[in-house]
Amino acid sequence: MASVAGRAAASTSGAFPPLPRAVAQSFYRRMRAVGPAAVGALERDRAGDIERPFADTACGRLAHSLDDAGLRALGMWTHHWCMRFYDDDTRVGRRLLREIARRPSLGWTTDEVLWMLRESTAAGPAAPERFTLPRAAAAHLPAGESPLDRLPADAVVVPSQRRAC
């Protein structure tokens, strides 16, 4: 299994400026808090019926139990997991990301979006849904604060995402 992104993405150069180490570490600390529950939920859902309504899945129950900050951390953890292991079976993780992306007003921060965009960019085309959550999160930022708005026209082209059914 090959990693398409990871910790190196947080500090590599590219279209998105690196985050201060303390900021990135705070994200990893928050993600570690939800990680064990996320692993359990993903594994239970991978072993079960993937076609069940989201609310009836372990991931759905976990997402419903979290406040906005916890749901953002779960989204970032799942995004990180999917970017690292995209060549494995990540259908359940991608479904969780799409569900979190549909949630309005989670209070995303510019730094959180930057972190996800750096991981997505580092992953490259091997992960076709890599911009699902960062694009949705960026759309909820105040006007002028979206990292996508600050990109030069010739920098990184963020492709449109097709909705997977």
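Guide: A crossing is left-handed if the near helix is turned anticlockwise from the far one by less than a right angle, and right-handed if the turn is clockwise. This is a predicted model, in which local features need pLDDT of at least 70 and side-chain atom pairs count only at pLDDT 80 or more, while totals for chains, interfaces and linings use all residues. Residues are numbered from 1 along each chain as its sequence is written, and side-chain values use heavy atoms, with hydrogens and water left out.

Visitor: What pattern does the protein follow along the sequence?
Guide: Helices (H or I, at least four residues) and strands (E, at least two) are DSSP runs, numbered from the N terminus. The protein has six helices and zero strands. Read in order, the pattern is α-α-α-α-α-α.

Visitor: What percentage of the residues of the protein count as buried?
Guide: Buried means under 20% relative accessible area, exposed over 50%, and partly exposed in between (1.4 Å probe, protein chains only). Across the 165 residues of the protein, the buried share is 47%.

Visitor: Among contacts between residues at least 6 apart in sequence, what percentage join residues at least 24 apart?
Guide: A contact here means heavy atoms within 4.5 Å. Of the contacts in the protein that span at least 6 positions, those joining residues at least 24 apart make up 75%.

Visitor: At roughly what angle do the axes of α1 and α3 cross?
Guide: Axes are lines fitted to C-alpha atoms, for helices over the stretch in contact, and angles run from 0 to 180 degrees between N-to-C directions. Helix α1 covers residues 21-47 and helix α3 residues 68-84, and their axes come within 8 Å. The crossing angle is roughly 70°.

Visitor: Is α1 roughly parallel or roughly perpendicular to α3?
Guide: Angles under 35 degrees count as roughly parallel, over 145 as roughly antiparallel, 65 to 115 as roughly perpendicular and the rest as oblique. The axes cross at roughly 70°. Therefore α1 is, relative to α3, roughly perpendicular.

Visitor: By class, how many nonpolar residues does the contact of α1 with α3 have?
Guide: From α1 come F27, Y28, R30, M31, V34, G35, A38, V39, L42 and R46, and they meet A69, G70, R72, A73, L74, M76, W77, H80 and W81 of α3. Ala, Val, Leu, Ile, Met, Phe, Trp, Tyr, Cys and Pro count as nonpolar, Asp, Glu, Lys and Arg as charged, and the others, Gly among them, as polar. Three residues of this contact are polar and three charged, and the nonpolar ones number 13.

Visitor: How many charged residues are in the contact of α1 with α5?
Guide: The axes of α1 and α5 come within 11 Å and cross at roughly 85°, which means that α1 is roughly perpendicular to α5. V23, F27, Y28, R30 and M31 of α1 make the contact with D111, E112, W115 and E119 of α5. The residues divide into five nonpolar, no polar and, for the charged class, four.

Visitor: In what crossing does α3 pass α4?
Guide: The axes of α3 and α4 (residues 91-101) come within 9 Å and cross at roughly 145°. L71, L74, G75, T78, H79, W81 and C82 in α3 meet G93, R94, L96, L97 and I100 in α4. By class this contact has seven nonpolar, four polar and one charged residues. The crossing is left-handed.

Visitor: With which side chain does the side chain of R98 make a polar contact?
Guide: R98 lies in helix α4 and, at 13% relative accessibility, counts as buried. A polar contact is a pair of N or O atoms within 3.5 Å; within protein, one must be able to donate a hydrogen and the other to accept it, and residues adjacent in sequence count only if both atoms are side-chain atoms. At 3.0 Å, the partner of R98 is E129.

Visitor: Which helices do the buried residues of α2 pack against?
Guide: Helix α2 spans residues 58-65, and its buried residues are A58, C59, G60, L62 and A63. They pack against α1, α3 and α4.

Visitor: What covers the buried residues of α6?
Guide: Six of the eight residues of α6 are buried, so the helix is mostly covered. The buried ones are T132, L133, P134, A136, A137 and A138. The cover includes α3, α4 and α5 (110-123).

Visitor: Does S105 count as buried or exposed?
Guide: S105 sits in the loop between α4 and α5. Although not a glycine, S105 has a positive phi of about 55°. Its relative accessibility is 58%, so S105 counts as exposed.
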